[in-house]
Amino acid sequence: MKRRHDQVIVKKRAKVPIAALEELVYGPLPAKEQFPELTTDQFKVLFHICQIIREIQAEPKMHVQYYREAYELEDSNDVRVTFDRDVTIER
């Protein structure tokens, strides 16, 4: 989930199996037992995303595909620059 706080973009993630996506979007809110590999903080992010999906009745509208090149500093991941190319959209 990405959010903007003033001039800063904050990103939080929770890695889930592709097979779980349909149930996460259309099924009941997830239970921690379904995702034992997630930390408590990661599960909180996942749960919050699922709540937002339901609140705003979000649905998939398109599929976006692209190739991404990412560049980071060698001694730090404080800065990351990405370039997306060959962007295609399928509705």
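A salt bridge is counted where a side-chain nitrogen of Lys or Arg lies within 4 Å of a carboxyl oxygen of Asp or Glu. The structure is a predicted model, in which local features need pLDDT of at least 70 and side-chain atom pairs count only at pLDDT 80 or more, while totals for chains, interfaces and linings use all residues. Residues are numbered from 1 along each chain as its sequence is written, and side-chain values use heavy atoms, with hydrogens and water left out.

By the salt-bridge rule, the count comes to 4. One of these joins Arg68 to Asp84, with 2.7 Å from N to O. Helices (H or I, at least four residues) and strands (E, at least two) are DSSP runs, numbered from the N terminus. Arg68 is partly exposed, at 43% relative accessibility. Asp84 is partly exposed too, with a relative accessible area of 37%.

Arg85 has 43% relative accessibility and counts as partly exposed. Glu69 is partly exposed, at 31% relative accessible area. Salt bridges with shared partners join Glu69, Arg85 and Asp86 into one network. A further salt bridge is formed by Glu59 and Lys61, whose closest N and O atoms are 3.7 Å apart. Lys61 is exposed, with a relative accessible area of 61%.

Backbone angles single out two residues. Most residues other than glycine have a negative phi. Asp86 is not a glycine, yet has a positive phi of about 50 degrees. Asp86 is placed in strand S4. Gln57, likewise not a glycine, has a positive phi of about 55 degrees. Gln57 sits in the loop between H2 and S3. At 69% relative accessibility, Gln57 is exposed.

Aromatic rings were examined next. A pair of aromatic rings is described by the distance of the centres and the angle of the planes. Rings of Phe, Tyr and Trp (its six-membered ring) pair if their centres lie within 6.5 Å; planes under 30 degrees apart are stacked, those over 60 are edge-to-face, and the rest are tilted. The structure holds 2 aromatic pairs. Phe43 and Phe47 form a tilted pair, 6.0 Å from centre to centre with 45 degrees between the planes. Both residues belong to helix H2 (residues 40-55), where a spacing of 4 residues separates Phe43 and Phe47 by about one helical turn. Phe43 is buried, with a relative accessible area of 11%. Phe47 is partly exposed, at 25% relative accessibility.

Tyr71 and Phe83 form an edge-to-face pair, 6.1 Å from centre to centre with 70 degrees between the planes. This pair links distant parts of the chain: Tyr71 is in strand S3 (residues 63-72) and Phe83 in strand S4 (residues 80-90), 12 residues apart. Tyr71 is partly exposed at 45% relative accessibility. Phe83 is partly exposed as well, with a relative accessible area of 48%.

The largest pocket has a volume of about 300 Å³. On a 1 Å grid over the protein atoms alone, a pocket is an open set of points with protein on both sides within 12 Å along at least five of seven lines, and lining residues have an atom within 4 Å of a point. Grid points are joined across faces, edges and corners, and the volume is the space filled by probe spheres set on the points. The lining comprises 13 residues, of which Ala14, Val16, Leu21, Leu46 and Ile49 lie nearest the pocket centre. H1 and H2 each supply at least two lining residues. H2 gives the most, with 5 residues. By class, the lining has 11 nonpolar residues, no polar and 2 charged. Here Ala, Val, Leu, Ile, Met, Phe, Trp, Tyr, Cys and Pro count as nonpolar, Asp, Glu, Lys and Arg as charged, and the others, Gly among them, as polar.

Glu37 is found in the loop between helix H1 (21-26) and H2. Leaving aside neighbours within four places in sequence, Glu37 is in contact (heavy atoms within 4.5 Å) with Lys15, Pro17 and Gln42.

Notes:
Buried < 20%, exposed > 50% of the residue type's maximum accessible area, 1.4 Å probe, protein only. 1 Å grid on protein atoms, 1.4 Å probe; cavity = no way out; pocket = protein on both sides within 12 Å on 5 of 7 lines; lining within 4 Å.
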